[in-house]
Amino acid sequence: RDRIVQIPGHVECELLNPADHQRLGLWKFDTKKTRDAWVKTLGSFGYRFELPWQTPPQVSDLELRVRLHAANGSQFETSTPIHVTLPTSSLGADRPMP
């Protein structure tokens, strides 16, 4: 229902290249880590997870899927497109030679 709720359970975050469905990362958070990831600030609240690169992407447009496996057996899943800025070479290899 597009509402953020805090319920006990564990979370899986999966990063995909939507063009070929290649998995670039899978992060799993147990119930304690999920509970500890709950953040409440002035005007906002929700889960906050840090997802360090497991496989650096080669494309800018990715898909993030998040699954919550609730302690009562319910499962919730959502996905969203994300756009990342790819790093450029510091050696200038990405620029044509004069």
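This is a short exchange about a predicted model of one protein chain.

Trainee: How many helices and strands does the protein chain have, and in what order do the elements run?
Mentor: There are one helix and six strands. From the N terminus, the order is β-β-α-β-β-β-β.

Trainee: Why is His69 called buried?
Mentor: Buried means under 20% relative accessible area. His69 has 16%, so His69 counts as buried.

Trainee: Where does His69 lie, and which residues does His69 touch?
Mentor: His69 lies in strand E5. Leaving aside residues up to four places away in sequence, His69 touches Gly9, His10, Glu12, Ser74 and Gln75. A contact here means heavy atoms within 4.5 Å.

Trainee: What makes E5 and E6 a pair?
Mentor: Two strands pair if DSSP finds at least two bridges between them. E5, residues 61–70, and E6 have nine bridges, so they pair. The sense is antiparallel. Within this pairing, Arg65 stands opposite Ser79 in E6.

Trainee: Why is strand E6 said to lie largely in the open?
Mentor: Strand E6 covers residues 75–83, nine residues. The number buried is zero, so E6 lies largely in the open.

Trainee: How much of the protein chain counts as buried, and how much area is exposed?
Mentor: Of its 98 residues, 28% count as buried. The chain exposes about 7,700 Å². Carbon and sulfur atoms supply 53% of that area.

Note on methods:
Residues are numbered from 1 along each chain as its sequence is written. This is a predicted model: local features need pLDDT of at least 70, side-chain atom pairs count only at pLDDT 80 or more; totals for chains, interfaces and linings use all residues. Side-chain values use heavy atoms; hydrogens and water are left out. Helices (H or I, at least four residues) and strands (E, at least two) are DSSP runs, numbered from the N terminus. Buried means under 20% relative accessible area, exposed over 50%, partly exposed in between (1.4 Å probe, protein chains only). Accessible areas come from the Shrake-Rupley method with a 1.4 Å probe; for residues, only the protein chains shown count as cover.
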